[in-house]
Amino acid sequence: MQTTNAIHMELPSCRYFPLLKRNDGVTQNEDVRYLQRLLNANGFSVTTDGGFGPKTQQAVINFQKQQQIVADGIVGPKTWNKLGVCSTIF
């Protein structure tokens, strides 16, 4: 007799994800590029260029408002968690 068990994928802790915030410099960042892809997947259209400029910041704020978390434009543990990539349970 075969039984079925729910497969639970354990997400990494959000404390291992970087804190991201606006940076008008020209430095491109792979973490920001990942964030931009996640924002696009959630319906917030931004260019995936790796730069955390004003458009990415506004998309983050809009996402945070939609998720009913503090809308400060800074991507920390709560925002990463709402994006579904990590767990806030330590």
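This is a short tour of a predicted model, stop by stop, with what to select and what you will find there.

Before you click, note that local features here need pLDDT of at least 70 and side-chain atom pairs count only at pLDDT 80 or more, while totals for chains, interfaces and linings use all residues. Residues are numbered from 1 along each chain as its sequence is written, and side-chain values use heavy atoms, with hydrogens and water left out.

**Stop 1**

Select residues 30-41, which make up helix α1. Helices here are DSSP runs (H or I, at least four residues; strands are E, at least two), numbered from the N terminus. Now show the side chains of R33 and E30: they meet in a salt bridge, 3.1 Å from N to O. The term covers a side-chain nitrogen of Lys or Arg within 4 Å of a carboxyl oxygen of Asp or Glu, and a search of the whole structure finds one. R33 and E30 both sit in α1, three residues apart, about one turn of the helix. An α-helix has 3.6 residues a turn, so residues three or four places apart point the same way.

Are the two partners buried or exposed? R33 counts as buried at 17% relative accessibility, whereas E30 is exposed at 52%. (Buried is under 20% relative accessible area, exposed over 50%, partly exposed in between, with a 1.4 Å probe and protein chains only.)

**Stop 2**

Q36 is buried, with a relative accessible area of 0%. Leaving aside neighbours within four places in sequence, Q36 is in contact (heavy atoms within 4.5 Å) with V46, T47, T48, D49, G50, G51 and T56. Zoom in on G50: its backbone nitrogen lies 2.8 Å from a polar atom of the Q36 side chain.

Next, select D49, in the loop between α1 and α2. D49 is partly exposed, at 33% relative accessible area. A polar atom of the D49 side chain lies 2.9 Å from the backbone nitrogen of G51. With neighbours within four places set aside, D49 also touches Q28, R33 and Q36.

**Stop 3: helix α2**

Select residues 54-66. Colour T56, A59, V60, I61, F63 and Q64, the buried residues of α2. Their cover includes α1 and α3 (77-82). Just after the helix, Q68 takes a positive phi of about 60 degrees.

**Stop 4: the core**

Which residues have the most contacts inside the largest nonpolar core? Select L20, L35, L39, F52, V75 and W80 out of its 17 residues. Such a core is a set of buried Ala, Val, Leu, Ile, Met, Phe, Trp, Tyr and Cys residues joined through side-chain atoms within 4.5 Å. Its largest share, four residues, comes from α1. Click L39 to see it touch F44, V46, T56, A59, V60 and F63, not counting residues up to four places away.

**Stop 5: the disulfide**

Finish with C14 and C86, whose sulfur atoms are 1.9 Å apart in a disulfide (cysteine sulfurs within 2.5 Å). C14 lies before α1 and C86 after α3, so the pair ties together parts 72 residues apart in sequence. The link is right-handed, with 95 degrees about the S-S bond, and both cysteines are buried.

Methods:
A polar contact is a pair of N or O atoms within 3.5 Å; within protein, one must be able to donate a hydrogen and the other to accept it, and residues adjacent in sequence count only if both atoms are side-chain atoms.
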